[in-house]
Amino acid sequence: MADYEKDVLVDTDWVAEHLDDDGIRIVEVDENPALYAESHIPGAIGFDWKQDLQDQVKRDFLGPQEFGELMGSRGISNDHTVLLYGDRNNWFAAYTYWYFKYYGHDDVKLINGPREKWIEEGRETTSDVPSYDGAKFEAKGADKDIRAWRDEVLDALDEDTKLVDVRSPQEYSGELIAMAGYEQEGAQRAGHIPGAASVPWAQAVNEDGTFKSKDELEELYKSKGVLDGDPIIAYCRIGERSAHTWFVLHELLGKDDVKNYDGSWTEWGNMVNVPIEKDV
């Protein structure tokens, strides 16, 4: 892991050796929350990204007080090292990592490889839900340096900001508004934000879901012009795939000025009087 800019990954061997370490809290966040109930890493806490991590009224995530209360209620304190993983090559694990960073908890890492890798390696799993004593978790003020809002994205159209669209090529071109099976997260219009480079998020990982080497990642994003300057704003459909790309650019490659536009296409594609481009 040493060739990356930041020490933000742990491998499955390391996790297996530290399952009984009380200074660690392992957290699973899946796109399909039912997977956690079937099996998970022993001691892992399960978060339902839609029920636990989102405001249930408006399309936004939890405020700092609610986030802190949620973590404390599950036994996560400010003193814990949080290790995150999940299905779909760590889509929502990366999103939750970004979320922790947004509220100032720096002692957080991703397991390098999704839950599928852990299972395929024949490692121990359980269906038992852990019970940890309540803890105190105080979320700091929001780190606005890593989150982009729609007005900022609109302003970026007239600036040197690099926009990177991490959705599938079919979503980027406008052939699809949302991937098959995700129509409920779609928008009124198809296409992409003008000037955005198309770099599908999954190009950053190997077949087993681990991240490609630093050299490979730099070549990938350089070839699309994403690394030509700052700042960089990544977006997808609802912000989880772009959090994965934010993780690659900001944490693994060490680009300082990178933001995740979590409003993403479901917001942009539903707004009136904002420009879009289509390739179909």
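Trainee: Why does glycine 225 count as buried?

Mentor: Buried means under 20% relative accessible area, with exposed over 50% and partly exposed in between, using a 1.4 Å probe and protein chains only; glycine 225 has 17% relative accessibility, so it counts as buried. This is a predicted model, in which local features need pLDDT of at least 70 and side-chain atom pairs count only at pLDDT 80 or more, while totals for chains, interfaces and linings use all residues. Residues are numbered from 1 along each chain as its sequence is written, and side-chain values use heavy atoms, with hydrogens and water left out.

Trainee: Where is glycine 225 found?

Mentor: The loop between helix H8 (214-223) and strand E8 (232-235) holds glycine 225, where helices (H or I, at least four residues) and strands (E, at least two) are DSSP runs, numbered from the N terminus.

Trainee: What makes both faces of E8 covered?

Mentor: On one side Ile232 and Ala234 are buried, and on the other Ile233 and Tyr235 are buried, so by the cut-off of under 20% both faces count as covered.

Trainee: How do you know that E8 pairs with strand E6 (residues 162-165)?

Mentor: Two strands pair if DSSP finds at least two bridges between them; four bridges join E6 to E8, so these strands, which run parallel, count as paired. Within this arrangement, valine 164 stands opposite alanine 234 in E8. Three bridges also join E8 to strand E9 (residues 258-260), again running parallel, and in E9 the bridge partner of isoleucine 233 is lysine 259.

Trainee: Why are strand E1 (9-10) and strand E3 (45-48) said to stand at the edges?

Mentor: The open sheet of five strands has the order E1-E5-E4-E2-E3, with parallel pairing. E1 and E3 each have a single partner strand, so one side of each is left without a neighbour in the sheet.

Trainee: What makes a set of residues a nonpolar core, and which members touch the most others in the largest one?

Mentor: A nonpolar core is a set of buried Ala, Val, Leu, Ile, Met, Phe, Trp, Tyr and Cys residues joined through side-chain atoms within 4.5 Å. Of the 58 residues in the largest nonpolar core, Leu84 and Tyr221 touch the most other members. Helix H4 (residues 91-102) gives the most to this core, with ten residues. Apart from it lies another core of 15 residues, including Val153 and Trp265.
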